[in-house]
Amino acid sequence: MIIQNITTSISRSIIDTVGKTPMVKLNNIEKTDHFNLFGKLEVANPAGSIKDRTALFIIQKAMEEGKVKKGDTVIESSSGNMAVGLAQACLHYGLHLIVVVDPKLNSHTEKILKTYGVRIEKVTKPKDNGGYLGARLEKVQQLLNTIPNSFWSNQYGNQNNPLTHHQTMTEIMDALHGKLDYLFVATSTCGTLMGCADFIVENNLDTKIIAVDAVGSVLFGGPPLKRLIPGHGAGVPSQFLDTDKIYDQIYVDDVDCARGCWNLLEKEAILCGGSSGGMISAVQKYSKNIEAESNCALFLCDRGERYLDTIYNTKWLMKELPESKNAFTPLCGW
């Protein structure tokens, strides 16, 4: 028997495993097969999403700058992934965490947060101008005014959010040896989107960045509409978005997100969340615009286990998104 000599490194702590996620070639998604498609496997982060990067970077910078210290309270508005990323980072650094959520928070994520010891504050009514996000942000301000030694991590306006993804882009460009023609990025706070866009501009890259927004999101001036898939799109304008740095944009709806998730699972055996599915559908919609032999990449943002009661539940799909039945067939059938 031949035993290979394999050298592995040992991380000093769980937070040292954040980032440096794998790139995966998606061989079976796009039937036209005239370009290469790669997924940045952010599900490999220890708390399960790309927001692990953002949460950790924001907390580390805040501690370095003396804005927060051990024993203080961090407050954030989040539909799920940022909250879980913060839960991990705050627990590691000895910080308390309060997250403000709305009814779209899925039960799996809620259980995760409670297990981490997070205090959950839930708003139940959307604001007329601003929706649930506006209501959550209003609640954050109320908590900041009443809780001593509290700090708002502010994923919506903290410049360390987009700065996080200069490292993410470095990893992508290194993996593809500097050749990336198209990058598809889902919108939310637009931190990931603009962090990648800023990196592209600052390094004079030829990469075209495509923003994937949700139908019903107001980010690019569309009317606010009801959306069921959390963490994708926004009910208020982004403080980061600079459309001059975006090559193009494409909209996907909730059915597109669900169809993309099931397509990714069936074709690549990868179980991901709603925004990842949205980007898969966006690539398929946009494929006719992509030149032959192009290298295209997207983010596989979070784990699909958090969507087992929704996107991966046929009863939920039939009740909340009945048009899904004519759009795709889940692996398990209807």
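Reader: Let's start with Asp-16: how exposed is it?

Author: Asp-16 is partly exposed, at a relative accessible area of 33%. Bear in mind that this is a predicted model.

Reader: And which side chain does Asp-16 meet in a salt bridge?

Author: That would be Arg-12, with 3.4 Å from N to O. Arg-12 itself is exposed, at 76% relative accessible area.

Reader: How many salt bridges are there in the whole structure?

Author: A search of the whole structure turns up 17 salt bridges. As background, side chains of opposite charge can pair when their charged atoms come close.

Reader: What does Glu-171 pair with?

Author: Glu-171 meets Arg-53 in a salt bridge, 2.8 Å from N to O. Glu-171 lies in helix H5 and Arg-53 in helix H1 (residues 51-64), so this pair ties together parts that are 118 residues apart in sequence.

Reader: Is that Glu-171 side buried or exposed? And what about Arg-53, buried or exposed?

Author: Glu-171 counts as buried, at 11% relative accessibility. Arg-53 is buried too, with a relative accessible area of 5%.

Reader: What other salt bridge does Arg-53 make, and at what distance?

Author: The Arg-53 side chain also meets that of Glu-42, with 2.7 Å from N to O.

Reader: Nice. Switching to another pair: what does Asp-256 bridge to?

Author: Asp-256 forms a salt bridge with Lys-285, and their closest N and O atoms are 2.8 Å apart. Here the pair ties together parts that are 29 residues apart in sequence, because Asp-256 lies in helix H7 (residues 254-268) and Lys-285 in helix H8.

Reader: How accessible is Asp-256? And Lys-285?

Author: Asp-256 counts as buried, at 5% relative accessibility. Lys-285 is partly exposed, with a relative accessible area of 35%.

Reader: What does Ser-281 touch, leaving out residues up to four places away in sequence?

Author: Ser-281 touches Val-252, Asp-256, Arg-259 and Gly-260. So Asp-256, the salt-bridge partner of Lys-285, is one of the residues in contact with Ser-281, and Asp-256 counts as buried as well.

Reader: How far is Ser-281 from Met-63?

Author: They are 39 Å apart in space, C-alpha to C-alpha, and 218 residues apart in sequence.

Reader: OK, bigger picture. How is the chain divided into domains?

Author: There is domain 1, made of 14-44 + 161-324, and domain 2, made of 50-152. The contact takes 31 residues from domain 1 and 24 residues from domain 2. Their centres, taken over C-alpha atoms, are separated by 23 Å.

Reader: How much area do domain 1 and domain 2 bury between them?

Author: About 2300 Å², with 58% of it on carbon and sulfur atoms. On the domain 1 side, Ile-15, Val-18 and Arg-306 lose the most area to domain 2, together 30% of what that side buries.

Reader: What about polar contacts and salt bridges between domain 1 and domain 2, how many?

Author: Between domain 1 and domain 2 there are 2 salt bridges, and 10 residue pairs are in polar contact. Helix H5 (residues 160-175) gives the most to the side of domain 1 that touches domain 2, with 7 residues. That side divides into 11 nonpolar, 11 polar and 9 charged residues.

Reader: Last topic, backbone. What is the phi of Lys-20?

Author: Lys-20 has a positive phi of about 55° although it is not a glycine. Most residues other than glycine have a negative phi. Lys-20 is found in the segment before strand S1 (23-25), and at 70% relative accessibility Lys-20 counts as exposed.

Reader: And Glu-293, what is its phi and where is it?

Author: Glu-293 has a positive phi too, near 70°. Its place is in the loop between H8 and strand S10 (295-300), and Glu-293 counts as exposed, at 58% relative accessibility.

Conventions: Residues numbered from 1 in each chain as written. Predicted model: local features only at pLDDT ≥ 70, side-chain atom pairs only at ≥ 80, totals over all residues. Heavy atoms only, no water. Domains from an automatic or database assignment. Contact = heavy atoms within 4.5 Å. Buried area = accessible area lost by both parts, 1.4 Å probe. Salt bridge = Lys/Arg side-chain N within 4 Å of Asp/Glu carboxyl O. Polar contact = N/O pair within 3.5 Å; in protein donor to acceptor, adjacent residues only side chain to side chain. Helix = DSSP H or I, 4+ residues; strand = E, 2+ residues; numbered from the N terminus. Nonpolar A, V, L, I, M, F, W, Y, C, P; charged D, E, K, R; others polar. Buried < 20%, exposed > 50% of the residue type's maximum accessible area, 1.4 Å probe, protein only.
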